[in-house]
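Reader: Hi! Could you walk me through this one? I'm new to reading structures.

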Amino acid sequence: MGVEVRVAETDADLEAWRRVRISVLPNERCATVEWMRRSMTPERLYVLAELDGVVAGSGLAGRSDLGCAGLHPRVLPAFRRRGIGTEILRRLAGHAAAHGFEEAGTSVEDAGSLVFAERFGYVEVDRQVEQVRMIGAEVAPAVPDWLEIAVVAERPELWAAAYEPLAVQALADMATDRPVVVTREQWERDWLAWPEGMVIGLVEGEIVGCAGLERDEDEPTRAENALTAVLRDRRRQGIATLLKAVTLKMAADHGIRTVYTWTQRRNSAMRTLNDRLGYVTGAESITVRAPLPLPFPPAA
């Protein structure tokens with residue numbers, strides 16, 4: 001039968017897709033099938049790769065927040081070096097080109113994946129640094145009277161209200177190699193994974209900051225930090241530290257034992273803040289990009 005790359009359409013297909021990602025990236029949170037369904041757009045494509053009828057890999061194509069096509073092929077370890085990754089990437093790249101993208105991007109976490117990417121013209125443009133915090137008996141920080149902290153699950157209207165100007169400013173100021181662009185629709189649809197773990201900071205009713213957690217539904221004792229942001233004219237007042245410390249106490253209260261985050265290599269301010277809160281540095285992820293179309297060998 002050989003290798004077949006097909007669209008993941010049913011819930012069973014999407015769950016199989018998730019199983020591949022969890023196997024390949026066991027230390028990272030994976031979206032639920034429900035979230036995958038909710039975030040579907042014409043540009044987003046989930047595929048499964050099967051070798052002789054057995055699931056061997058998966059892939060995702062979609063619009064990156066950095067403006068290019070995010071192409072993410074993944075192959076289970078037992079099936080690597082058989083051309084499966086190339087066939088997944090071929091399908092994803094064709095989909096991206098058909099939707100008008102002229103550039104592809106992805107992240108790689110190991111030397112073998114970097115070599116694979118370089119074969120198709122990808123070059124390194126940035127790096128992300130992982131920081132990890134073990135959760136113990138956390139003490140709630142002392143919050144000054146002038147700062148109100150609200151949980152989004154209790155005041156859901158605050159999330160939409162936080163887009164402008166808070167999210168717009170924070171995303172524009174991210175230490176990425178090019179601007180991050182997130183529409184209001186994307187903000188409301190994709191950037192709030194766990195309302196019970198997201199907090200908003202307010203001063204006299206004005207939204208000034210946010211911080212939060214995205215709980216891992218497959219590993220409930222683990223969570224990833226969501227966006228930590230503060231208005232430009234409210235920075236350097238300790239608000240980000242307070243909000244993030246509040247989320248660490250919330251993590252403990254919800255039985256979470258490990259919190260991790262990925263921070264841009266050039267964002268020394270956030271990495272220093274995390275260091276002060278007890279995070280330790282872990283792995284690095286390499287961001288790579290290549291022009292489309294990619295240089296594929298002829299199809300078998």
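Reader: Is alanine 104 buried or exposed?

Author: Alanine 104 counts as buried because its relative accessibility is 0%. Buried means under 20% relative accessible area, exposed over 50%, and partly exposed in between, with a 1.4 Å probe and protein chains only. By the way, this is a predicted model: local features need pLDDT of at least 70, side-chain atom pairs count only at pLDDT 80 or more, and totals for chains, interfaces and linings use all residues. Residues are numbered from 1 along each chain as its sequence is written, and side-chain values use heavy atoms, with hydrogens and water left out.

Reader: Thanks! Where is alanine 104 found, and what is it in contact with?

Author: Alanine 104 is found in strand E5, residues 103-108. Helices (H or I, at least four residues) and strands (E, at least two) are DSSP runs, numbered from the N terminus. Leaving aside neighbours within four places in sequence, alanine 104 is in contact with Cys68, Ala69, Leu71, Tyr122, Val288, Arg289, Ala290 and Leu292. Contact means heavy atoms within 4.5 Å.

Reader: Leu292 is in that list. What kind of peptide bond runs from leucine 292 to proline 293?

Author: That bond is cis, with omega near 5°. Proline 293 sits in the segment after strand E13 (280-291). The peptide bond from glutamate 164 to proline 165 is cis too, with omega near 10°, and proline 165 lies in helix H6, residues 163-172.

Reader: New topic: helix H3. How many residues does H3 have, and which of them are buried?

Author: H3 (residues 84-98) has 15 residues. From its first C-alpha to its last, H3 reaches 21 Å, close to the 21 Å expected at 1.5 Å a residue; the expected span is 1.5 Å times one less than the number of residues. The buried residues of H3 include Ile84, Ile88, Leu92 and Ala96.

Reader: What covers the buried residues of H3?

Author: Their cover includes strands E1 (3-7), E2 (45-51), E3 (54-63) and E4 (69-75), along with helix H4 (111-118). Following H3 comes glycine 100, with a positive phi near 90°.

Reader: Which residues other than glycine have a positive phi?

Author: Aspartate 52 is one of them, with phi near 50°. Aspartate 52 lies in the loop between E2 and E3, and counts as partly exposed because its relative accessibility is 48%. Arginine 236 is another, with phi near 65°. Arginine 236 is found in the loop between strand E11 (229-230) and helix H8 (239-253), and is exposed, with a relative accessible area of 80%.

Reader: And aspartate 126, buried or exposed?

Author: Buried: aspartate 126 has 2% relative accessibility. Aspartate 126 lies in strand E6, residues 123-134, and touches residues including Asp177, Arg265 and Arg266.

Reader: Last one, the whole chain. How many helices and strands are there?

Author: The protein chain has nine helices and 13 strands. Buried residues make up 49% of its 300 residues. Of the contacts with a separation of 6 or more, 73% are between residues 24 or more positions apart.

Reader: Why does the radius of gyration agree with a compact globule?

Author: Because a compact globule with 300 residues would have a radius of gyration near 19 Å, and the protein chain has 20 Å. The radius is taken over C-alpha atoms, and the globule rule is 2.2 Å times the number of residues to the power 0.38.
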